[in-house]
Amino acid sequence: MGRYIGGRIISMLITFLIIASLTFFLMKLLPGTPFNNQDKLTETQIVQLNDKYGLNDPVPVQYFNYMKNLLSGDLGVSFQQDGREVSTIIGERIGPSAYLGLQSLVVGTIIGLFLGIIAALKHNSFLDYGTMVIAVLGISIPNFVIAGLMQYWLGVKWQLLPVAYWDGFAYTIMPTIAIASIVVATIARFMRTEMLEVLGQDYITTAKAKGLSSTAVVIRHTIRNASIPIITIMGPLVVGLMTGTLVIEQIFVIPGLGEKFVNSILTNDFPIIMGTTLFFSLLFIVVILLVDIMYGIIDPRIRLAGGKG
Amino acid sequence: MSMKQEKLHDISDDMFQPAKIDSSENEQIARESTGFWKDAWRRLKKNPGAITGLVIIVAIILLAIFGPGMNEHSYSEQELTRAKLPARVPVLENISFLGVNGVDIRGTDQYEAKGYEDEYFWFGTDEFGRDQWTRVWQGTRISLFIAAAAAFIDFVIGVAYGGISAYYGGRVDNILQRIIEVLVGIPNLILIILFILIFEPGIFSIILALSVTGWIGMSRIVRGQVLKLKSQEFVLASRTLGATSGRVIGKHLIPNVLGQIIITTMFTIPNAIFFEAFLSFIGLGLRPPEASLGSIINNGFKSLQIYPHLVLWPSIIISLIMIAFNLLGDGLRDAFDPKLRK
């Protein structure tokens, strides 16, 4: 196990370095200038600014400097915000995004598990079909459409919830629903399939035959065994959450990392784009690694060590 | 007793004739044979969800082709005096709860106020007075085109990559899979955004950006299937009979993987439509007057509070497309692989 994790961490670092290099060279290919008032600047000022940010150095030197700084945890300074540290900006912005992401994940998972379990236990009933309709809608309807409809009906028309911004719990409700919809749908569907699979197993028949109450069978044997594979879809779900925060923060004007990322793209603020890209990638890689490790611990049948690939 | 025996005597020998014994007829197939595709289609027809999806897809494709030509307005024709008119449909305008009578949310008949009593804009007009009906279907056309093209590229690269990786195996497989491992580590959304930044915004750069990582899913599925199939007896038999690699791939492997490929494509298309809409939504999509569903929705958001119709119709259509492809994809999965059916 230890050897497996060690190997995985090394390959994770390699992946991260490749991503960092790729991002760097892609940034260099970008058209446009990072200085928002370039038209008003004189030739000398532009040269000075380029000097200040090291943009006049040859690309390999820039690359070397960037990677060196990166390895010591320095992500550089923003072009747009008078040289503020990118890491500081990410630190300021991460709060709302993390809150929103975690809240959506927790709420979505709980509702999804609940719906999936009910659907499987009441297989082929009205509840089952209802859940499956919700699941198809949740997977199909784009989150920005859900967000827009809620903003219009709940926010503008009925004035039940604040339309946008970030100022207390009431402001988190609509964004959370919009992001969590995909989580609910994915988990409900997956849980239903797994539950039905487990319910058909011999050990369930055994448990029933030895006289366990049906509640005990469902809770101790069915739900427990059906929940294990849920971990495997956590990777894709985290990606879904990230995509979600990018748009949803934009729609609800939430001062989070996703909103900053989109705005830095529109203003060519390279260091911020790179910083956030690397941050999101790192998050993604770590989640995938954790998922794999957890899966190995929970289900010992999956042999991590020894086996190839 | 005796009565019965008498009756038996009534049955004379000439009522019988010898059965024809012809061994060739034993092998005759009385009914038309059911092949893989026919069987799948039969199962698909029984699935109401899948058929609903199929009907919606056909209807939307037809509207995307003919919709923009159904009235005299073009998608880029601007006329500021008729900007932001609400929807108004002949006949249906008399049924007030449908909300297609040209009255805005403040209760004024905008058509009367702006002097367009004789005009009908079925989905209303946008902020430049462009006909929303034409624009929405034009946008649908472009969104579908982008999705279809991206799905096609994913198909070509994915099948080739996965097929080669699995068929040749060994070192080739090892190298190709290591490359995929690195690519999978990058959140595809971020890669797509970076690529779109480098290319000039436009239909083809969006298609390219979507294809950068899009083929990975397809290649993995094809690889898995081919790995499973190539060790089965019928492939061995074919090889033993002297079939070339080309024949084994073309005649045995690809037809057997085709079902999986079609299913994957069915899920690639809504994914591509979503990503395209997403890109347009964060401002990296098509430039006006070009329009896709995503950019139309994004535009409408600016005036959501006063002119909800600008968001409503394209949102409904994009949701319908996504639902339809998902339903059809689910149905096809059940139809091609009944073992998976729960």
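## Chain A at a glance

Start with chain A, which is built from twelve helices and has zero strands. Follow the sequence along and the pattern reads α-α-α-α-α-α-α-α-α-α-α-α. Keep in mind as you look around that this is a predicted model.

How far does the chain stretch? Along its principal axes, the C-alpha trace of chain A spans about 85 × 60 × 30 Å. Chain A has 309 residues, and buried ones make up 35% of them. Take the contacts in chain A between residues at least 6 apart in sequence: 75% of these join residues at least 24 apart.

## Where the two chains meet

Now for chain B. On its side, 31 residues are in contact with 35 residues of chain A. Five helices of chain B each supply at least two residues to the side that touches chain A: α7 (170-185), α8 (188-198), α11 (245-281), α12 (293-301) and α13 (309-336). The largest share comes from α13(B), with eight residues.

What sort of residues are they? On the side of chain B that touches chain A, 24 are nonpolar, six are polar and one is charged.

## Inside the cores

The largest nonpolar core holds 120 residues, and B:Ala272 and B:Ile273 touch the most other members. Which residues does B:Ile273 meet, leaving aside neighbours within four places in sequence? Its contacts are B:Ser143, B:Ala147, B:Ile318, B:Ile321 and B:Met322.

Another core, of nine residues, lies apart from the largest one. Its members include B:Val159, B:Ala166, B:Trp215 and B:Val222. As a bit of background, nonpolar side chains tend to be buried together in soluble globular proteins.

Conventions: Residues numbered from 1 in each chain as written. Chains lettered and ligands numbered in written order. Predicted model: local features only at pLDDT ≥ 70, side-chain atom pairs only at ≥ 80, totals over all residues. Contact = placed C-beta atoms within 7 Å. Helix = DSSP H or I, 4+ residues; strand = E, 2+ residues; numbered from the N terminus. Nonpolar A, V, L, I, M, F, W, Y, C, P; charged D, E, K, R; others polar. Buried ≥ 20, exposed ≤ 12 C-beta atoms within 10 Å, placed from the backbone. Core = buried A, V, L, I, M, F, W, Y, C linked by C-beta atoms within 7 Å.
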